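Student: I have a structure to read for class. Can we go through the terms one by one?

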Amino acid sequence: MKNTIPNKTIFFAQHWGQKIVAVTENENDVRQKVGTTVMDKYHLHCCHLELNSCLNITNRHAIEVAKLCYQSEKYINVENGKIIAQNLHNAKDGETMGFTAAACEYLRGEGFAVPFNGLSVQTLINRGWITLK
């Protein structure tokens with residue numbers, strides 16, 4: 001996936017309604033919700049999403065991730081949820097994490113940085129699309 005404004009728009013749209021957009025104006029970051037206001041060319045050039053790192057996942061979120069990934073109660077625990085989150089954070093470009101698609105969607109909805117369309121979290125950071133809290 002190329003580093004283009006249309007692709008950045010698609011990435012931002014997945015976080016619609018979350019108050020995580022940092023618009024840099026006069027060296028200050030102003031937080032706004034992802035929505036029509038920040039989805040024009042001008043804003044997309046000068047803003048990024050400020051997301052939580054999956055390495056700092058809470059126990060509550062880790063349990064939800066484990067529930068989404070495992071059928072057996074035996075594996076639904078904080079440790080397994082944190083391992084999945086760590087794997088998502090450390091995934092390289094192009095690595096498939098298909099078995100965690102539901103977990104990715106859940107974490108994205110909770111404001112966590114996860115891989116996007118074959119791009120790793122580190123690539124998203126390098127492109128300036130996101131920063132981690």
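Student: What makes Leu107 count as buried?

Tutor: Set the value against the cut-offs. Buried means under 20% relative accessible area, exposed over 50%, and partly exposed in between, with a 1.4 Å probe and protein chains only. Leu107 has a relative accessible area of 0%, so Leu107 is buried. Keep in mind that this is a predicted model, where local features need pLDDT of at least 70, side-chain atom pairs count only at pLDDT 80 or more, and totals for chains, interfaces and linings use all residues. Residues are numbered from 1 along each chain as its sequence is written, and side-chain values use heavy atoms, with hydrogens and water left out.

Student: Which residues does Leu107 touch?

Tutor: Contact means heavy atoms within 4.5 Å. Not counting residues up to four places away in sequence, Leu107 touches Cys54, Ile57, Val65, Leu88, Phe112 and Val114. Take Cys54: Leu107 and Cys54 are 53 residues apart along the chain, and their C-alpha atoms are separated by 8.2 Å.

Student: Where is Leu107 found?

Tutor: In helix H5. Helices are DSSP runs of H or I with at least four residues, strands are runs of E with at least two, and both are numbered from the N terminus. The buried residues of H5 are Ala103, Cys104, Tyr106, Leu107 and Arg108. H3 and H4 are among what covers them. After H5 comes Gly111, with a positive phi near 85°.

Student: Why are H3 and H4 called roughly perpendicular?

Tutor: Look at the angle. Axes are lines fitted to C-alpha atoms, for helices over the stretch in contact, and angles run from 0 to 180 degrees between N-to-C directions. The axes of H3 (residues 59-69) and H4 (residues 78-90) come within 7 Å and cross at roughly 85°. That makes H3 roughly perpendicular to H4. The cut-offs are under 35 degrees for roughly parallel, over 145 for roughly antiparallel, 65 to 115 for roughly perpendicular, and oblique for the rest.

Student: Which residues meet there?

Tutor: From H3, Asn59, Ala62, Ile63, Val65, Ala66 and Cys69 meet Val78, Gly81, Lys82 and Ile84 from H4. By class, this contact of H3 with H4 has seven nonpolar, two polar and one charged residues. Here Ala, Val, Leu, Ile, Met, Phe, Trp, Tyr, Cys and Pro count as nonpolar, Asp, Glu, Lys and Arg as charged, and the others, Gly among them, as polar.

Student: Is Gly81 buried or exposed?

Tutor: Gly81 has a relative accessible area of 0%, so Gly81 is buried. Gly81 touches Ala62, Val65 and Ala66, not counting residues up to four places away in sequence. Gly81 and Cys69 are 12 residues apart in sequence and 8.4 Å apart in space, C-alpha to C-alpha.

Student: Why is the pair of Phe11 and Trp129 called tilted?

Tutor: Rings of Phe, Tyr and Trp (its six-membered ring) pair if their centres lie within 6.5 Å; planes under 30 degrees apart count as stacked, over 60 as edge-to-face and the rest as tilted. By this rule there are four aromatic pairs. Phe11 and Trp129 have ring centres 5.6 Å apart and planes at 35°, so the pair is tilted. Phe11 lies in helix H1 and Trp129 in the loop between H6 and strand S4, so the pair ties together parts that are 118 residues apart in sequence. Ring pairs link Phe11, Phe12, Phe116 and Trp129 into a cluster.

Student: How do you know that a charge sits over the ring of Trp129?

Tutor: The rule asks for NZ of Lys or CZ of Arg within 6 Å of the ring centre and within 35 degrees of the ring normal. The charged end of Arg127 sits over the ring of Trp129, 5.3 Å from its centre.

Student: What makes Asn117 count as exposed?

Tutor: Its relative accessibility is 54%, so Asn117 counts as exposed. Asn117 lies in the loop between H5 and H6. Its phi is near 50°, a positive value in a residue other than glycine. Most residues other than glycine have a negative phi.
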